[in-house]
Amino acid sequence: MKNEIEKLKTLFERDIKKVKTMNELNDLRINYLGKKSKIQEFSTMMRDLSVEEKKECGRLMNEFKTYVEVEITNLRKELEAKELEEKLSNEKIDVTLPSTKINVGSVHPITKMINEVEDIFISMGYDVVEGPEVERDLYNFEMLNLPKGHPARDTQDSFYITEDTLLRTQTSPVQVRTMLANIEKTPIRIICPGKTYRKDNDDATHSHEFHQIEGLVVDENISMADLKGTLEVFAKKIFGEKREIRFRPSHFPFTEPSIEVDVSCFNCNGKGCNICKGTGWIEILGAGMVHPNVLNMCGYDSNKFTGFAFGIGPERMAMLKYGINDIRNFYINDKRFLEEFDKVEKVSYESK
Ligand code: DAH
């Protein structure tokens with residue numbers, strides 16, 4: 001019996017060396033201490049021994065059991081530590097690794113420009129309104145004093161959808177819509193930013209799709225002086241306090257008189273450079289006093305009411321500001337181009 005226990009111990013010592021995992025360790029424990037283990041068999045066999053032998057064997061068996069338990073507990077601790085170490089090293093995070101770049105969108109430079117213009121006019125008490133891009137010929141041309149067959153229609157080559165509907169060539173029809181919708185014929189002060197379309201061949205300065213920001217003020221006793229004051233405030237806010245503006249006579253069918261507005265060059269301060277083509281002035285928008293015909297057609301008595309209107313090109317403003325020489329950049333949507341503008345907080349001309 002004593003020998004048997006010695007043999008069992010040798011066997012155990014051999015087996016425990018092969019154990020690599022927790023599962024194997026559990027199996028080992030069951031094999032050596034479980035109900036069907038050799039040691040249990042010995043307990044049964046002990047019944048036939050003498051009292052002296054029983055004592056001796058009992059002690060040896062208990063020693064063996066304790067030995068096995070201690071060995072197993074030690075190995076369990078070792079395996080647990082090893083498992084933890086493996087887990088930690090597998091789940092290790094290297095905080096020095098470069099992170100994955102998260103791409104967030106940026107506000108389009110044209111939207112930025114429009115937002116800034118909106119802010120300026122909102123601060124002067126204007127409402128921002130919108131109109132449809134698919135427009136009636138009636139509003140896009142006829143009620144703007146451009147009857148069918150008017151030669152000026154040719155300057156705005158249009159995408160017609162039906163004989164009487166087209167993609168608007170300008171945001172000016174929103175003037176008509178706003179005046180018509182104002183049943184009480186109360187004063188109006190609005191700007192309307194939006195997309196416009198013309199059948200132009202795309203090149204560096206033309207795009208078949210572009211933007212305009214329309215402005216309209218209608219009230220009693222509105223004069224050219226109000227127009228000039230308003231546009232001066234606008235020009236200074238956007239191009240810098242030291243900028244001056246000048247009016248040049250022009251022609252638009254829906255305004256009389258019509259003007260084109262220049263701002264003194266923000267790059268050379270009027271001395272002449274390549275941005276202002278040596279003139280010291282840069283054209284920024286078209287404007288004028290609302291034509292009495294337009295007022296009357298829209299239900300405003302032109303004997304009582306006068307008004308002014310203007311049309312701003314945000315693409316042109318952004319191109320000047322950033323020195324962009326091809327309008328198509330705004331529509332190609334190359335992320336490398338668009339991301340550049342994310343760094344610019346606000347589109348604003350430095351006052352020089
Ligand atoms: N609609 C004109 C265009 O597209 C721009 C314009 C000029 C708008 C004068 C106006 C204005 O409101 O008064 O060429």
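Trainee: What should I keep in mind about the model?
Mentor: It is a predicted model, in which local features need pLDDT of at least 70 and side-chain atom pairs count only at pLDDT 80 or more, while totals for chains, interfaces and linings use all residues. Residues are numbered from 1 along each chain as its sequence is written, and side-chain values use heavy atoms, with hydrogens and water left out.

Trainee: Back to α4. Which of its residues are buried?
Mentor: Cys57, Gly58, Leu60, Met61, Phe64, Val68, Ile72, Leu75 and Leu79. Buried means under 20% relative accessible area, exposed over 50%, and partly exposed in between (1.4 Å probe, protein chains only).

Trainee: And what covers them?
Mentor: The cover includes α1 (2-18), α2 (22-33) and α3 (38-45). Contact here means heavy atoms within 4.5 Å.

Trainee: How is the protein divided into domains?
Mentor: Domain 1 is 2-90 and domain 2 is 109-351; the bounds come from an automatic or database domain assignment. Taken over C-alpha atoms, the centres of the two domains are separated by 93 Å.

Trainee: Where is Lys20, and is it buried or exposed?
Mentor: Lys20 sits in the loop between α1 and α2. It counts as exposed because its relative accessibility is 54%. Its C-alpha is 97 Å from that of Asn296, 276 residues apart along the chain.

Trainee: New topic, the ligand. How many residues surround it, and which are the closest?
Mentor: 16 residues surround the ligand, the closest being Gln170, Ser172, Arg198, Gln212 and Glu214. To be near, a residue needs a heavy atom within 4 Å of the molecule or strand.

Trainee: What polar side-chain atom distances do Gln170 and Glu214 show?
Mentor: A polar side-chain atom of Gln170 is 2.7 Å from a ligand nitrogen, and one of Glu214 is 2.6 Å from a ligand oxygen. A backbone N or O atom of Phe310 lies 3.3 Å from an oxygen atom of the ligand. A polar contact is a pair of N or O atoms within 3.5 Å; within protein, one must be able to donate a hydrogen and the other to accept it, and residues adjacent in sequence count only if both atoms are side-chain atoms.

Trainee: Where is Gln175, and what does it touch?
Mentor: Gln175 is in helix α7 (residues 173-181). It is buried, because its relative accessibility is 1%. It touches Glu214, Gly215, Leu216 and Ala309, not counting residues up to four places away in sequence.

Trainee: Which residues other than glycine have a positive phi?
Mentor: Asn145, with phi near 70°, and Asn221, near 60°, are among them. Asn145 lies in the loop between α6 (137-140) and β3 (165-167) and is buried at 16% relative accessible area. Asn221 lies in the loop between β5 (209-220) and α8 (224-239) and is exposed at 71%.

Trainee: What about the peptide bond from Glu256 to Pro257?
Mentor: That bond is cis, with omega near -5°. Pro257 is in strand β7 (residues 255-264).

Terms used
Helix = DSSP H or I, 4+ residues; strand = E, 2+ residues; numbered from the N terminus.
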